[in-house]
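Let's take a friendly walk through a protein model. Please have the structure open beside you as you read.

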Amino acid sequence: MGSADERPGQAPVLTPGLASQPPTRCDVAIVGGGILGLAVARELLSRKPDMSLCVLEREQEVATHQTGHNSGVVHAGIYYTPGSLKARLCVQGARELYEYCNERGIPYEQCGKVIVATDASELQRLDELERRGKANRVQGLVRLDAQGIRALEPHAVGIAGLHSPATGIVSFPAVARSYAQDVAQAGGTVVGGCEVQAVSAGPRTVRLEHSHGATEAGHAIFCAGAWADRLAVAAGADPDPRIVPFRGAYLRLSPERRDLVRSLIYPVPDPTLPFLGVHLTKHIDGDILIGPTALLAGARDAYSLARIRPGDIRDTLAWPGSWRMFARWWRTGITEMRHAAVRAAFVRAAARYVPELRLRDVEPAFAGVRAQALARDGRLVDDFVFSATDRALHVRNAPSPAATSSLAIARHVVDHAQRAFDL
Ligand SMILES: Cc1cc2nc3c(=O)[nH]c(=O)nc-3n(C[C@H](O)[C@H](O)[C@H](O)COP(=O)(O)OP(=O)(O)OC[C@H]3O[C@@H](n4cnc5c(N)ncnc54)[C@H](O)[C@@H]3O)c2cc1C
């Protein structure tokens, strides 16, 4: 795959109101200026307007990591085990996100999505998806036959499908920047270029040492994505689960072939993996993306294939869960390596759903890196995970659909913080 480190939003957009200096003291410090850290900050300030709060973000801009490198799909909540946090927070979060976008004039499109089964061996899994979707109260799910698929996606083929009209697309960086503006308007401080390097909890405060000195906060909430495990361990948490980075590269259809896909075409995923498989998705800027791959990466910020960080590799290899995962998933790993290395193989995988697709129709786009929690026993942790240490809360696993669910996750985290810390 190409090594483009380019974001779907193309030219970088600056967030107005970012501060360059963190406060030395505050009531609550949030570490991480991705969509979750900003959503949590916004939710806290809406409940406690007098609170002094800062968001400390390592990069110069917000939304630079997972929030800025993803499929941009507002998931409806079909896939997730009924009763799980993912199921509940995705369905609520998607509804709230559409309302938020309406209020703030953020462009989105509820374009709908089709999950396509191409052979009989997938039908039972499609039934299960329909059952889950209905149990999760996803609105408007409809079963499709081959003709029904064609009516919605004239270039797609399959023997059966599931249509979710509630699924949509949005720019998550635009949403995150809008959250950052809400935080600044509510009196919070969002600081860029401020990497938290050490954490220590005392009887009254938690001390965050960072590139500008230190901030003493009454409490801290860590929403650090791919670096969540390191900061949690620094604050005294259990090292289980560890984050392993999975690189997800995308291709894009050349503009003259965009007619091959109207909205979102997804495969029937392997229910034992937390990834949804290679999909063809319309992006809010008009691009049609194909991807993402799912390749174990050599760095937690491996936006190019060549980026290798020995410390990140050491952390992955030193984790017993990694070896248990390799033993279980080596065949899937080989397929993913082929998709990452041989563009023709990747295009063939997507052409299973859109047979007219040819190698000449695509060009490299960008890559994202999933922060996926891996348990000591080798399990890829499926659900969202939140945990606590002295004076701190940690978001330990927030992969897809956490961007969709951001407003609902923020409520969940702030409820937890108010119970734990009497805020
Ligand atoms: C390829 C891919 C496709 C996806 N597709 C979708 C999708 O279609 N729909 C969906 O809902 N979700 C999708 N997701 C998931 C979604 O992007 C994430 O769940 C979401 O962005 C997580 O937000 P976050 O704020 O936790 O993480 P991030 O956006 O990664 O933010 C974490 C932030 O913490 C900062 N940070 C880390 N360490 C420190 C430190 N020491 N000091 C200060 N700051 C620090 C980082 O710089 C970063 O900005 C996808 C993810 C990927 C990778």
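## Around the ligand

The shell around the ligand is made of 19 nonpolar, 18 polar and five charged residues. Here Ala, Val, Leu, Ile, Met, Phe, Trp, Tyr, Cys and Pro count as nonpolar, Asp, Glu, Lys and Arg as charged, and the others, Gly among them, as polar. Altogether 42 residues surround the ligand, and the closest are Gly-32, Gly-34, Asn-70, Gly-225 and Ala-402. Helices (H or I, at least four residues) and strands (E, at least two) are DSSP runs, numbered from the N terminus.

A word on the model: it is predicted, so local features need pLDDT of at least 70 and side-chain atom pairs count only at pLDDT 80 or more, while totals for chains, interfaces and linings use all residues. Residues are numbered from 1 along each chain as its sequence is written.

## Two domains

Which domains does the assignment give the chain? They are domain 1 (25–66 + 173–241 + 383–421) and domain 2 (245–263 + 270–379), with bounds from an automatic or database domain assignment. Each of them supplies at least three residues to the shell around the ligand.

The centres of domain 1 and domain 2, taken over C-alpha atoms, are 28 Å apart. Contact joins 12 residues of domain 1 to 13 residues of domain 2, where contact means that C-beta atoms, placed from the backbone, lie within 7 Å. On the domain 1 side, six of these residues are nonpolar, four polar and two charged.

## Helix 1 meets helix 10

Helix 1 (residues 35–47) packs against helix 10 (residues 406–421) at an angle of about 60 degrees, with the axes 8 Å apart. Axes are lines fitted to C-alpha atoms, for helices over the stretch in contact, and angles run from 0 to 180 degrees between N-to-C directions. Helix 1 is therefore oblique to helix 10: angles under 35 degrees count as roughly parallel, over 145 as roughly antiparallel, 65 to 115 as roughly perpendicular and the rest as oblique.

## Loops worth a look

The peptide bond from Gly-291 to Pro-292 is cis, with omega near -5 degrees. Pro-292 sits in the loop between strand 16 (288–291) and strand 17 (295–296). Another cis bond runs from Ser-400 to Pro-401, with omega near 10 degrees.

Key
Near = placed C-beta within 6 Å. Contact = placed C-beta atoms within 7 Å.
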